[in-house]
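Please consult the sequence and the three-dimensional view while reading.

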Amino acid sequence: MSIIHPQFNPVAIDLGIVQAHWYGLMYLLAFATAYGLAIFRSKKRPDWHAEMISDLLFYGAMGVILGGRIGYVLFYQFSEFLANPVYLFKINEGGMSFHGGFLGVAIAMFLFAKKYKKPAFNVLDFIIPCVPTGLLFGRIGNFINGELWGRVSNGDYSWLMLFPQAWQADAELISQNPNLQSLAVNMGNYALLPRHPSQLYQAFSEGVVLFILCWWFASRPRPRMAVTGVFVLGYGIARFITEFFRQPDADQGFILLGWVTKGQMLSLPMIVLGLFLLIWAYKQQIYDWGILKNVD
């Protein structure tokens, strides 16, 4: 038996003229948690202090927001952008990309490093362990909004979910493949299909598991670039796997070999880059902190 998505009110706090949406609160929690974790990490790093971390958070926030939006438009809605460049600024219509946000944060960290005269990977290795919790909150926001739902499954799994938000997609699938009618559950005027709650799969893998891995790995001195390498590799693998359970974007579908999604295509370079960074880090053996520190 499938679970019906709770259909949360997208507005978490309503004070009349002021409303706070769940997704906005998730961003706030993400930045606040990252700040707290960075402050905690700075206790072992005399080269970092609270004022510097506040500045770092500002740079990171700008990278996430600008990179996420620009990346979404360029990676997923480029034809729309070419037809109407103003679409880039229509943030009220939604649309953020992790891969774009990742690139935006990377650029922001390089600018921050230049300002404080630090090696760029010194900065990235410091902040990276604080990032996965933001991914966790972001995916929870996706789940609350009932968006980016998973693929239809005929498996007898007790955690499969019916998403009323997907009724049009479900109706189209049933019309294309009448055999799916046997899986459908009638909900009023709609027939809903059981889907994987892929937002929660991603929250667990990209958020919880990746956080534990990166936090543990970064708790001891590692060669410069190694922590960044673990995150990039880990995210690439986690995203590639969970994409098998996530419904491809309607306007994208499968873009290669009849099964590869845009998310998987964007994750493959991350896997390669993560492996390269790890190999290069241990070959260079440059340590920024701890008893093995060998740079100023």
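## Salt bridges between helices and strands

Lysine 115 is partly exposed, at 47% relative accessibility; the term covers values between buried, under 20% relative accessible area, and exposed, over 50%, with a 1.4 Å probe and protein chains only. This is a predicted model, in which local features need pLDDT of at least 70 and side-chain atom pairs count only at pLDDT 80 or more, while totals for chains, interfaces and linings use all residues. Residues are numbered from 1 along each chain as its sequence is written, and side-chain values use heavy atoms, with hydrogens and water left out.

The side chain of lysine 115 meets that of aspartate 55 in a salt bridge of 2.7 Å, N to O; a salt bridge is a side-chain nitrogen of Lys or Arg within 4 Å of a carboxyl oxygen of Asp or Glu. Because lysine 115 belongs to helix α4 and aspartate 55 to helix α2 (residues 50–76), the pair ties together parts that are 60 residues apart in sequence. Helices (H or I, at least four residues) and strands (E, at least two) are DSSP runs, numbered from the N terminus. Aspartate 55 counts as buried, at 15% relative accessibility.

The structure holds eight salt bridges. In another of them, arginine 195 and aspartate 170 meet through their side chains at 2.6 Å, N to O. This pair links distant parts of the chain, with arginine 195 in strand β7 and aspartate 170 in helix α7 (residues 167–176), 25 residues apart. Arginine 195 is buried, with a relative accessible area of 0%, and aspartate 170 is buried at 0% relative accessibility.

Aspartate 47 and arginine 45 also meet in a salt bridge, at 3.4 Å, N to O. Aspartate 47 is partly exposed, with a relative accessible area of 25%, whereas arginine 45 is buried, at 4%. Arg45, Asp47 and Lys118 are linked in a network of salt bridges.

## The open sheet

Three strands form an open sheet in the order β1-β4-β7, and their pairing is mixed. Strands β1 (3–4) and β7 (194–195) stand at the edges with a single partner strand each, so one side of each has no neighbour in the sheet. Two strands pair if DSSP finds at least two bridges between them. Strand β1 pairs with strand β4 (residues 161–162) in the parallel sense over two bridges. Within this pairing, isoleucine 3 has methionine 161 of β4 as its bridge partner.

Methionine 187 lies in another strand, β5 (residues 185–187), and is partly exposed, with a relative accessible area of 28%. Apart from its neighbours within four places in sequence, methionine 187 is in contact with Ile4 and Leu192, where contact means heavy atoms within 4.5 Å.

## Nonpolar cores

A nonpolar core is a set of buried Ala, Val, Leu, Ile, Met, Phe, Trp, Tyr and Cys residues joined through side-chain atoms within 4.5 Å. In the largest nonpolar core, of 21 residues, those touching the most other members are Phe98, Phe102, Cys214, Phe231, Tyr235 and Met270. Two or more residues come from each of α4 (98–116), α8 (198–218), α9 (226–242) and α10 (262–284). Helix α9 gives the largest share, seven residues.

When neighbours within four places in sequence are set aside, phenylalanine 98 is in contact with Leu135, Phe231, Tyr235, Arg239 and Met270. Another core lies apart from the largest one and has 19 residues, including Tyr59, Ala113, Ala120 and Val123.

## Loops with positive phi

Most residues other than glycine have a negative phi. Glutamine 7, however, has a positive phi near 55 degrees. Glutamine 7 lies in the loop between β1 and β2 (11–14) and is partly exposed, with a relative accessible area of 40%.

Leucine 148 also has a positive phi near 55 degrees. Leucine 148 is found in the loop between α6 (132–145) and β4, where it is partly exposed at 29% relative accessibility.
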